[in-house]
Amino acid sequence: MLYQGEFAAVGAAIVWAIATWIYSRFSHHFSALQLNIVKGLIASMMMLVVLPFLPSSYITIDSQYLWILGISGVIGIAIGDSAYFASLKRIGANKTLLLESLAPPLSGILTLVFLGTALALSNWMGVVITTIAVASVVFQPSRDMGEKTDMLGVGYGLLASICQASGVVISHFALVSGDLPPLVGALIRLVIGVGAVAIFIPFLEDKPYQSMRSRASTLDKVSWFWLLTAIFVGTFLALWLQQIALKHANPAVAQTLIATSPLFILVIYAIKGQPISKRSLLGTIAALFGISLFFI
């Protein structure tokens with residue numbers, strides 16, 4: 001299919017924006033680590049149900065690619081998604097997604113630092129424009145009583161962006177070099193990432209599993225419907241589409257298209273009748289322009 005990877009990347013951006021908006025409703029119900037485990041377990045079961053029905057030959061995975069996907073899962077899902085949920089809880093959906101749009105420029109900088117690849121002048125202009133645009137929106141005062149920006153939330157958002165950038169680069173290498181089906185790669189990353197969170201959460205929270213069960217039992221049917229919807233579109237569908245995009249499109253193009261999520265969250269806000277400041281709109285558009293410059 002022509003432009004399969006590019007269409008998948010745009011689809012991932014749309015569903016990730018929808019999921020982020022829904023997840024923001026649950027960010028105060030579970031802790032960041034608990035929400036990461038809940039969505040990871042349910043999404044893994046969804047993938048396992050679908051996997052046998054996909055047309056594919058017998059799959060063999062070289063141990064080195066399994067390790068690479070595992071590392072990608074720990075960085076991108078265990079650390080990155082936990083930081084993302086923590087940021088979502090503190091600074092909201094729009095600013096969290098906008099911070100994640102820094103992932104493409106960060107990927108280029110990581111390539112420069114670790115692989116010594118030179119960046120063109122237009123690339124550096126993209127980095128500067130994107131950074132300034134994101135900062136102009138993220139650090140604007142809240143509408144509520146001029147409340148200052150939660151710097152810890154910004155820090156979590158930056159950490160999520162760095163982990164996403166690193167995880168995408170590593171995952172792309174494993175999928176292409178190992179010639180793995182996208183859903184298989186997504187499932188491996190997810191299982192290992194969630195497993196890492198499950199191992200470490202008892203050291204970071206008091207009785208986390210009892211707390212998780214207690215909080216889950218308080219959700220009504222409508223809340224469970226929205227949570228399952230967020231998990232389906234945001235973890236199952238978005239992660240699958242992301243892996244398709246990374247396998248069938250240039251990773252730079254894929255990341256650029258996936259990074260358009262902040263634009264779609266503004267569309268959701270407009271549909272829901274939520275106020276959008278001119279600064280947020282202009283800053284988001286400027287950030288997307290900066291991202292495109294980075295990959296010219």
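How are H1 and H3 oriented to each other: roughly parallel, roughly perpendicular or oblique?

1. **What you are looking at.** This is a predicted model, in which local features need pLDDT of at least 70 and side-chain atom pairs count only at pLDDT 80 or more, while totals for chains, interfaces and linings use all residues. Residues are numbered from 1 along each chain as its sequence is written, and side-chain values use heavy atoms, with hydrogens and water left out.

2. **The overall make-up.** The chain has 13 helices and zero strands; here helices (H or I, at least four residues) and strands (E, at least two) are DSSP runs, numbered from the N terminus. Of its 296 residues, 51% count as buried. Buried means under 20% relative accessible area, exposed means over 50%, and partly exposed lies in between, with a 1.4 Å probe and protein chains only. Among contacts with a separation of 6 or more, 88% join residues 24 or more positions apart; contact means heavy atoms within 4.5 Å.

3. **H1 against H3.** Back to the opening question: H1 and H3 are oblique to each other. The axes of helix H1 (residues 4–23) and H3 come within 10 Å and cross at roughly 60 degrees. Axes are lines fitted to C-alpha atoms, for helices over the stretch in contact, and angles run from 0 to 180 degrees between N-to-C directions. Angles under 35 degrees count as roughly parallel, over 145 as roughly antiparallel, 65 to 115 as roughly perpendicular, and the rest as oblique. The crossing of H1 and H3 is right-handed; a crossing gets that name if the near helix is turned clockwise from the far one by less than a right angle, and is left-handed if anticlockwise. Trp16, Thr20 and Tyr23 of H1 make the contact with Tyr84, Phe85 and Leu88 of H3. By class, this contact of H1 with H3 has five nonpolar, one polar and no charged residues. For these classes, Ala, Val, Leu, Ile, Met, Phe, Trp, Tyr, Cys and Pro count as nonpolar, Asp, Glu, Lys and Arg as charged, and the others, Gly among them, as polar.

4. **H3 against H4.** Helix H3 (residues 63–91) also meets helix H4 (residues 93–100), with axes that come within 7 Å and cross at roughly 140 degrees. That angle makes H3 oblique to H4. On the H3 side you can find Tyr84, Ser87, Leu88 and Ile91, and on the H4 side Ala93, Lys95, Thr96, Leu99 and Glu100. These residues of the contact of H3 with H4 divide into five nonpolar, two polar and two charged.

5. **H2 against H9.** Next, look at helix H2 (residues 32–50) and helix H9 (residues 208–217), whose axes come within 11 Å and cross at roughly 70 degrees. H2 and H9 are therefore roughly perpendicular to each other. Gln34, Ile37 and Val38 in H2 meet Pro208, Tyr209, Ser211, Met212 and Arg215 in H9. The contact of H2 with H9 has five nonpolar residues, two polar and one charged.

6. **The nonpolar cores.** A nonpolar core is a set of buried Ala, Val, Leu, Ile, Met, Phe, Trp, Tyr and Cys residues joined through side-chain atoms within 4.5 Å. The largest has 69 residues, and Tyr23, Phe30, Met47, Leu227, Ile231 and Ile265 have the most contacts inside it. Helix H10 (residues 221–248) gives the largest share of this core, eleven residues. Apart from it lies another core, of ten residues, among them Leu98, Leu99, Val137 and Val154.

7. Ser161 sits in helix H7 (residues 151–177) and is buried, with a relative accessible area of 0%. Not counting residues up to four places away in sequence, Ser161 touches Leu99, Glu100, Leu102, Ala103 and Leu106. Pro262, in helix H12 (residues 261–271), is buried too, with a relative accessible area of 1%. Pro262 and Ala17 are 245 residues apart in sequence and 6.9 Å apart in space, C-alpha to C-alpha.

8. Lys207 is in the loop between helix H8 (182–204) and H9 and is exposed, with a relative accessible area of 54%. Phi of Lys207 is near 45 degrees, a positive value in a residue other than glycine. Most residues other than glycine have a negative phi.
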